[in-house]
Amino acid sequence: MAPQMAELFVALLHHPVLDRRERVIASAITSLDIHDLARSALTYGVRTAYVVHPVPEQRAFASTVIDHWITGQGRVLDARRQRALRLIEVVADLDEAIDDATLRAGARPLLVLTSARTNEGLAYDVLRQRIEGEGAPVMLLFGTGFGLAPALAQRADVVLSALRGPTDYNHLSVRAASAIILDRLRGR
Ligand SMILES: C[S@@+](CC[C@H](N)C(=O)[O-])C[C@H]1O[C@@H](n2cnc3c(N)ncnc32)[C@H](O)[C@@H]1O
């Protein structure tokens, strides 16, 4: 990774997110999200990927998935997966992620919200230039369920443009959306 780049963090939030009726809920953590986010994070030079959940049992589940590959049986099966999963930190809320990223990077990260519903947002090339220009660290916020709750849009410093294909279908998984966005911001 080029040394002049701003530090990049990602956070996968399971609360506050919306359900299909637009109620604020906490969604369940899935092991597939953890694995794929970790792999994308390592590929694109993300410093730390936070899995955020307010419920201790859900955080314990996430830690079990990660520990299996780092210290458990999975360790001997696939060292590459272990390397990626070491980038994951499981935290209770966004503030904990921000505090941890601030300690690691030495400055508070710019909070960048991602959403499929943004009509006008920051262009990818503008954020990319900012990252390449040794600016403040950046934390990308990704949702689960039916997307991040409006309260998070108020907390975010910036809202990123929605990814759009040539069709009207607008239901990317968070795994696909995060990989595409990381490639736009950091891909060679
Ligand atoms: C709404 S959740 C869907 C979670 C779902 N359960 C799944 O299968 O992954 C998807 C998240 O990925 C990101 N995302 C999805 N589509 C997007 C788009 N078109 N543009 C930008 N971000 C998008 C947002 O962070 C969004 O909150």
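Select L13 and V52: L13 stands opposite V52, which belongs to β4. Residues are numbered from 1 along each chain as its sequence is written. You are looking at a predicted model, where local features need pLDDT of at least 70, side-chain atom pairs count only at pLDDT 80 or more, and totals for chains, interfaces and linings use all residues.

Now show helix α5 (residues 94–105), which packs on the sheet and touches β1, β4, β5 and β7 (138–142). Its direction makes about 165° with that of β4. Contact here means C-beta atoms, placed from the backbone, within 7 Å; axes are lines fitted to C-alpha atoms, for helices over the stretch in contact, with angles from 0 to 180 degrees between N-to-C directions. Helices (H or I, at least four residues) and strands (E, at least two) are DSSP runs, numbered from the N terminus.

Next, colour β1 (residues 8–13) and β4 (residues 48–52), a parallel pair with five bridges; pairing takes at least two bridges found by DSSP. Widen the view to the open sheet of six strands, in the order β5-β4-β1-β7-β6-β8, with parallel pairing. β5 (88–91) and β8 (158–159) each have a single partner strand, so one side of each lacks a neighbour in the sheet.

Pick out L32, D33, D36, L37 and S40 of α1, against V174, R175, S178, A179 and L182 of α8.

Last stop: the ligand, surrounded by 16 residues (C-beta atom, placed from the backbone, within 6 Å). The closest are A116, G143, L163, S173 and A177.

Technical notes:
Two residues are in contact if their C-beta atoms, placed from the backbone, lie within 7 Å.
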